[in-house]
Each structure stands twice: as C-alpha cells, then as structure tokens.
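Notebook open, new structure on the screen. I'll start with charged pairs, then move on to a surface patch.

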Amino acid sequence: MEKPKLSFWQIWNLSFGFLGVQIGYSLQNGNTSRILEALGADVHSIGYFWLAAPLAGLVVQPIIGLSSDKTWTKLGRRIPFIFFGAIVSALAMFFMPNAEYFTYLLPPLIFGAVMLLLMDTSFNVTMQPFRALVGDMVNDEQRNLGYSLQSALINFGAVFGSLLPWLLVKIGLSNVPAAGEKVAESVIWSFYIGGGILLATVLWTVFRTKEYGPKEHAEYNKIDLNVPENKEKTSILTLIGDAPKIFWQLGIVQFFSWFALFLMWVYTTRAIANQVWGPEALDAKSIGFNEAGDWTGVMFAFYSGVAAVYSFLIPSIAKAIGRKKTYSFSLIMGGLGLISMFFVEDKNMLLLSISGVGLAWAAILAMPYAMLSGSLPAEKMGVYMGLFNATITTPQIAAGLLGSTLILLFGGNPITIIVIAGVSMLIAGLAVFFVKEKMQQ
C-alpha cells in the first residue's frame, strides 16, 4: 500500500507547532548575545556560551530520534516528544531574561548560560520529531511540498519572533534596561509572549494530527510485521557506517552552511553596532547598542520573510531545474549577501544584503531533508534524521570554538567574521554539485 495523499491542511497541521518553536528559536538567535553581554559576557568570548546549543543538539537529537522510532503511544510516535520538548522550552524562555533575579542560585551570567543550554536542548527535543513526522506521514509525491510548507511555517515564525522586541518598543515598552536592571523590558516580554505561543501552536499539532499506527506504518513502508523482531541492539557507530552516501555528501554542504549561519547569529548585533552606530554603541547597556540589537531582529525577520515567500516557490523551481541547482543557487546568493555587509554602513541597506540569506535559509530548511528522506529506511527515519543533525551541530561547535580566534586574527572587528561566514556559504553552494541523489525530482 502507498501512503495516502494528504490535504494541504493535513500537511499544515503536521508542522504548525514548528511555527511556535521557531518563534522561540528566533528570539534566542536574535537576543541571546544581547542578553549575555548585558549579563557581563565579553564579545570575544561570547561564542563559547553559544556552544551550549549545538552540543545539546549533537547529543540529544540522535537519542530522541532512536527513541521516537521505537515509541508507540495513544498520542502517537513522534508527538509525545514534541509535546514534552515544548513545555521545557517555554519554561526556559520564561526564566532566561530574568537571570539577574536568581542570584541566590547562580551568578546571573551562569544562570543565563544554563537556561540557554536547557532552552536549546528542549528545542532540539521538539524539532527532530517534527522532521521525522513529515517523513513518516507524507508520500514521495508530496515530499517537496511537505518540507517546503514546514520551511514556510518556520520562516513565518522567525519573522514574528525576530520582530517581536522591536514591535514591543513601538507600542511603548522600553528597549534599554531600567535603572538597576540588566535586560530591557521589551526583551523580557518578547520571551514571555514567544513561550506562550510556542505552547499554543504545539498543542494545535498534538490535537489535530493523528499519526499512523504500527500496522498502517508497516503497510505503507512495506515492513512485514510477521517477521520476528531482531532484538540485537544496533550501535550508533554501526548506523553511521551504514548511512547512505548522500548522507555524507549533504553533510559537507551542511557543514559550511551552518558554520556560516552560526557566525552570523552570534556576531551580527555587535558587527552592525560597530559598523553603523559606531562609538555610541560600545557599551552593552547603551541606547546605540540596544538599537542595534533591535535592528538585528528586524534584519533577521526580513530574511525570514524572504525565506517564507521563497519556500512556496521552491517546489516549482526544483521541479523545473532540479533540487541541486535550486539548492546551490540559494546558498550562493546567501554567501554574496553576507559578504556585501562589509561594504554597508546604512542600516536600511543591510536589509538588501540580508535578503540573500533568506534564499539560503529557505533552501537549508527544506532541500537537504527532501533529498535525504527518500534514501533512508522508513523504520530508521527518526534516528537517521537525528544523526543528520550532527551536520548542523558540528559546524556550530567549530564556529563557536574558532570565533574568538578569528576576531583576533582579523583585527578585532566582528564585521570581518560576517565576511568569513559569507565565504563559507559560497563553499556550501559549490559543494551541492557533488551530491548524488537517489531520485531526481
């Protein structure tokens, strides 16, 4: 039996919770450096704090993938993990911007770092099953649509999450810390709102999605349930050794893509503060620095908006010219956009630069998964999607470890790190041509 064709709204419901998860993730990306600097972190060492996120993903996602492959409950196979991860993510979002009020437990900077680790770990617990859920439920014909729609929802969430602190300032909340406080009111409330929306959207997916049961799953994926189950444990190393070649080929593209993204997320606020606002933004509590922080959110929202629109075009473009050319073009445009930021000193012109990143981001969220999922065994979809997450976390760890060294090597100016990110994205775009797909669609 073939998997049934799903309606647009059924596919929408599968990924709707990812909208809220991405709102939280975007708030983290756009404001973590800002919060940590306010709590006392130095720009030269701030990349080390960000290592918490990829390290968590490297460990957690394969475990969650393997566990969800073997989990069958009344709620479903992937949904229990999505639900649990969302609850912990929201709680961490409520606590992180209030780190200064927990000095009786830990110093504010350490408490903030712990909340970052907890937040990103739980984001990973939630994200991985969302990827596998689409692979489980959507047939081959609709795979491009499934992952592109997921990409669109992610980016609509990213637009809102990135803009939220800026919007709250527009309605009257302060974007600088009050006397005696460390984190701006607009940032604190954006984390409250983001956490609440995260929970609401995940609950929508939980109650509006019915996963296939063991019998249906077996029939749709041609698994014979009458064959005695092999109780022999398969090690992670064995699974890695048995991974299809495309897993490794896409892994190279992923490495250079996510190396670039991590550098961009960590250093954009400080880079544009120095580039556009200059000396008036040197203090992390200054108006100039916080305006740069708000504008970073606007820029990230802008590229996410571009990505959301582009996500709807990707299936048609990929059908016309192929997945590889679509993927490569998008990454190259992202690289050129990042490099161009070195020459821009007007904040509005930075929106033009960052639009190239929007094309790359949409493709990064959709194309590797659409290309990979057709080559994975259905009974191991979750664990391989979890292992594939190492192609996201490993480059982020490398970027976190190298970031401070790169700044020192290039004269202490963070904008040069953005250029390095652009070069890395260009390399990723060229590496796509070495990927050999199982099926060209």
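I count a salt bridge when a side-chain nitrogen of Lys or Arg lies within 4 Å of a carboxyl oxygen of Asp or Glu. My notes concern a predicted model, where local features need pLDDT of at least 70, side-chain atom pairs count only at pLDDT 80 or more, and totals for chains, interfaces and linings use all residues. Residues are numbered from 1 along each chain as its sequence is written, and side-chain values use heavy atoms, with hydrogens and water left out.

Entry one: salt bridges. I found four in the structure. One of them joins Arg77 to Asp136, with the closest N and O atoms 3.6 Å apart. That pair links distant parts of the chain, as Arg77 sits in the loop between α3 (52-69) and α4 while Asp136 belongs to helix α5 (residues 108-137), 59 residues apart. Helices here are DSSP runs (H or I, at least four residues), numbered from the N terminus. Arg78 also bridges to Asp136, at 2.7 Å between the closest N and O atoms. So I have Arg77, Arg78 and Asp136 linked in a network of salt bridges.

Entry two: burial. I call a residue buried under 20% relative accessible area, exposed over 50%, and partly exposed in between (1.4 Å probe, protein chains only). Arg77 has 3% relative accessibility, so it counts as buried. Asp136, at 6%, counts as buried too.

Glu37 lies in helix α1 (residues 8-38) and Arg270 in helix α10 (residues 245-277), so the pair ties together parts 233 residues apart in sequence. I noted both Glu37 and Arg270 as buried.

Technical notes
Helices (H or I, at least four residues) and strands (E, at least two) are DSSP runs, numbered from the N terminus.
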